[in-house]
Amino acid sequence: MTDENRAILKRINDYGEKVMGDIDPQKVHVSEQLEKLRPIFQEIADEKKMSLQDVFILYMDIQSEATCATEAKLQDDLKDLNEGGDMPLLYH
């Protein structure tokens, strides 16, 4: 992930924490969550001279990339924990 994309992701996530900090993402429709993020998407779109849709797609891509990296690190950490142990730590 580029430094620019990392900064964009941090900016969107920080904004999301401010405007959605008190909602349960499991109970609020994704469309409602995205609507709350719309102002930061629009702000970034204007700055980068991109369409709102392109910023949304970029966000989804870099969020997925970050999630995959976190998942890989977790699995690697769990692999280290399982080495030499009698009872393996399972993760699905």
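**Note on the nonpolar core and aromatic pairs**

1. The largest nonpolar core has 15 residues, and those with the most contacts inside it are Ile-8, Ile-12, Leu-37, Ile-40, Phe-41, Ile-44 and Tyr-59. A nonpolar core here is a set of buried Ala, Val, Leu, Ile, Met, Phe, Trp, Tyr and Cys residues joined through side-chain atoms within 4.5 Å. Helix H1 (3–20), H2 and H3 are the elements that give two or more residues to this core; H3 supplies the largest share, six residues. Helices (H or I, at least four residues) are DSSP runs, numbered from the N terminus.

2. The model is predicted: local features need pLDDT of at least 70, side-chain atom pairs count only at pLDDT 80 or more, and totals for chains, interfaces and linings use all residues. Residues are numbered from 1 along each chain as its sequence is written, and side-chain values use heavy atoms, with hydrogens and water left out.

3. The structure holds two aromatic pairs. Rings of Phe, Tyr and Trp (its six-membered ring) pair if their centres lie within 6.5 Å; planes under 30 degrees apart count as stacked, over 60 as edge-to-face and the rest as tilted. Phe-41 and Phe-56 are edge-to-face, at 6.2 Å centre to centre with 75 degrees between the planes. This pair links distant parts of the chain, with Phe-41 in helix H2 (residues 30–48) and Phe-56 in helix H3 (residues 52–82), 15 residues apart.

4. Phe-41 is buried at 4% relative accessibility, whereas Phe-56 is partly exposed at 28%. The cut-offs are under 20% relative accessible area for buried, over 50% for exposed and partly exposed in between (1.4 Å probe, protein chains only).

5. Phe-41 also pairs with Tyr-59, and this pair is tilted: 5.4 Å centre to centre, 50 degrees between the planes. Phe-41 in helix H2 and Tyr-59 in helix H3 are 18 residues apart. Tyr-59 is buried, with a relative accessible area of 10%.

6. Leaving aside its neighbours within four places in sequence, Leu-37 is in contact with Ile-12, Tyr-15, Gly-16, Met-20 and Tyr-59. Contact means heavy atoms within 4.5 Å.

7. The axes of H1 and H2 come within 10 Å and cross at roughly 145 degrees. Axes are lines fitted to C-alpha atoms, for helices over the stretch in contact, and angles run from 0 to 180 degrees between N-to-C directions. Residues making the contact include Ile-8, Ile-12 and Tyr-15 of H1 and Leu-37, Ile-40 and Phe-41 of H2.
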